[in-house]
Amino acid sequence: MTAIKVHSLEETEALGRRIANALKGTEVIAFFGGLGLGKTTLTRAVAAALGSADDVSSPTFAIVNEYKAKFNIYHFDMYRITSWEDLYSTGFFDYLDTGVLLIEWSENIENALPDNTIRISIKPGDAECERIFEIEGLEI
């Protein structure tokens, strides 16, 4: 596991670029962490680094947003997913191996994540803008 402490939006964006540079195109990246800790911000940075010009926003109501870039990007929000039936209705399993999946609120589908999932836990730091990103399954 790699732990990275960031102190600003710019450092979070730089982390997103480092993550993007390590991707091959079919990864599942699962974000864990509470509201307002930077899941969407990090997703936006990864998408931009992969060349997406799309407006990246949380897909809370759509469940999944698709972005065009170097690789297809599928941005999931699993906040409202509470059952296997809910998960199947998103088409989640059909997206595996078709692009980079970036999943917010992965806590809700943890038992469905593939074994090789990249896990990124986000925790608040001591200062208001400080975040600690713990990354498992990806060398950056």
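Which residues form one aromatic cluster? Tyr74, Phe76, Trp84, Tyr88, Phe92, Phe93 and Tyr95 do. Before we walk through the rest, some ground rules. This is a predicted model, in which local features need pLDDT of at least 70 and side-chain atom pairs count only at pLDDT 80 or more, while totals for chains, interfaces and linings use all residues. Residues are numbered from 1 along each chain as its sequence is written, and side-chain values use heavy atoms, with hydrogens and water left out.

Let's stay with the rings. A pair of aromatic rings is described by the distance of the centres and the angle of the planes. Here, rings of Phe, Tyr and Trp (for Trp, its six-membered ring) pair if their centres lie within 6.5 Å; planes under 30 degrees apart count as stacked, over 60 as edge-to-face and the rest as tilted. The structure holds eight aromatic pairs. One of them joins Phe76 and Phe92, and because the ring centres are 5.5 Å apart with the planes at 80°, the pair is edge-to-face. Phe76 lies in strand β4 (residues 73–77) and Phe92 in helix α4 (residues 92–95), so this pair ties together parts that are 16 residues apart in sequence. Those helices and strands are DSSP runs, numbered from the N terminus (H or I, at least four residues, for helices; E, at least two, for strands). Both Phe76 and Phe92 are buried, a label that means under 20% relative accessible area, with exposed over 50% and partly exposed in between (1.4 Å probe, protein chains only).

Next, look at Tyr79 and Trp105. Their ring centres are 4.9 Å apart and their planes stand at 65°, so this pair is edge-to-face. Tyr79 is partly exposed, with a relative accessible area of 49%, whereas Trp105 is buried at 16%.

Strand β3 (residues 64–67) and β4 pair in the antiparallel sense over four bridges, where pairing takes at least two DSSP bridges between the strands. Tyr67 stands opposite Ile73 in β4, and a hairpin of five residues joins β3 to β4.

For a look at helix α2 (residues 39–49), pick Thr43. Thr43 is buried, with a relative accessible area of 0%. Leaving aside neighbours within four places in sequence, Thr43 is in contact with Phe31, Val56, His75, Leu102 and Glu104, contact being heavy atoms within 4.5 Å.

Finally, the salt bridges. Side chains of opposite charge can pair when their charged atoms come close. With the rule set at a side-chain nitrogen of Lys or Arg within 4 Å of a carboxyl oxygen of Asp or Glu, the count comes to two. Arg119 pairs with Glu110, the closest N and O atoms being 3.1 Å apart. Arg119 is partly exposed at 23% relative accessibility, and Glu110 is partly exposed at 40%. Glu134 and Lys123 meet in a salt bridge at 3.2 Å, N to O. This pair links distant parts of the chain, with Glu134 in strand β7 (residues 131–136) and Lys123 in strand β6, 11 residues apart. Glu134 counts as buried at 18% relative accessibility, while Lys123 is partly exposed at 39%.
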